[in-house]
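Keep the 3D view open as you read.

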Amino acid sequence: MNVDMRLHPRVKVDLPAELEPFRGDCLDVRVIHLSLSGVLVEGNAELEALLGARLGLASGAPLELNLHFGLEQESVHCHCRIIHSRRLAQDCFQVGMKILSIPNASQGLLSHYIEAHMN
């Protein structure tokens with residue numbers, strides 16, 4: 001039996017988004033899973049380069065960045081920490097991130113969106 005033990009349910013989505021590292025340009029990615037506590041994004045070699053920069057950080061230092069995407073014609077901006085990453089193909093990478101902070105209005109929008117898209 002496959003039981004999801006997550007604190008917050010997640011939904012599959014396909015939303016364009018931008019990752020904004022604290023140093024460097026924004027990266028275009030796609031949000032593919034969304035929950036109240038985290039997101040899974042997918043990107044190309046630029047995302048791999050960002051992950052490679054992570055190796056240059058102090059040992060054990062978390063990589064935090066901002067994520068921007070739209071829901072129901074509203075913008076959502078949140079501050080996230082990278083939790084895990086994986087390569088799916090030569091030019092396809094996924095990064096799981098925990099949402100550290102999000103404005104109250106965006107939190108409510110996210111909650112309503114997820115509830116409306118639960119299977």
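Start at Asn 66, which sits in strand 4 of what is a predicted model. Is Asn 66 buried or exposed? With a relative accessible area of 18%, Asn 66 counts as buried, because the cut-off for that label is under 20%. Its side chain has a polar partner: the side chain of His 79, in a polar contact at 3.2 Å. Skipping residues up to four places away in sequence, Asn 66 also touches Glu 18, Leu 19, Glu 20, Phe 22 and Cys 78, besides His 79 itself.

Now zoom out to the strands. What do they build? The answer is a closed barrel of 6 strands, in the order 1-2-3-6-5-4, with antiparallel pairing. On average, neighbouring strands of this sheet are turned by 45 degrees against each other, if you ignore direction. Helix 2 (residues 104–116) packs on the sheet, where it touches strand 1 (11–21), strand 2 (27–34), strand 4 (64–71), strand 5 (74–89) and strand 6. The direction of helix 2 makes about 60 degrees with that of strand 5.

Next, the nonpolar side of things. The largest nonpolar core has 32 residues, and those touching the most other members are Leu 19, Leu 34, Leu 67, Phe 69 and Met 97. At least two residues of this core come from each of strand 1, strand 2, strand 3, helix 1 (45–54), strand 4, strand 5, strand 6 and helix 2. Which element gives the most? That's strand 1, with 5 residues.

How many disulfides does the structure hold? The count is 0. For Cys 80, the nearest cysteine sulfur is that of Cys 78, 3.8 Å away, and that pair is no disulfide because the sulfur atoms would have to be within 2.5 Å. Cys 80 is also buried, with a relative accessible area of 0%.

Conventions
Residues numbered from 1 in each chain as written. Predicted model: local features only at pLDDT ≥ 70, side-chain atom pairs only at ≥ 80, totals over all residues. Heavy atoms only, no water. Buried < 20%, exposed > 50% of the residue type's maximum accessible area, 1.4 Å probe, protein only. Pairing = 2+ DSSP bridges. Helix = DSSP H or I, 4+ residues; strand = E, 2+ residues; numbered from the N terminus. Axes fitted to C-alpha atoms, helices over the stretch in contact; angles between N-to-C directions. Contact = heavy atoms within 4.5 Å. Core = buried A, V, L, I, M, F, W, Y, C linked by side-chain atoms within 4.5 Å. Polar contact = N/O pair within 3.5 Å; in protein donor to acceptor, adjacent residues only side chain to side chain.
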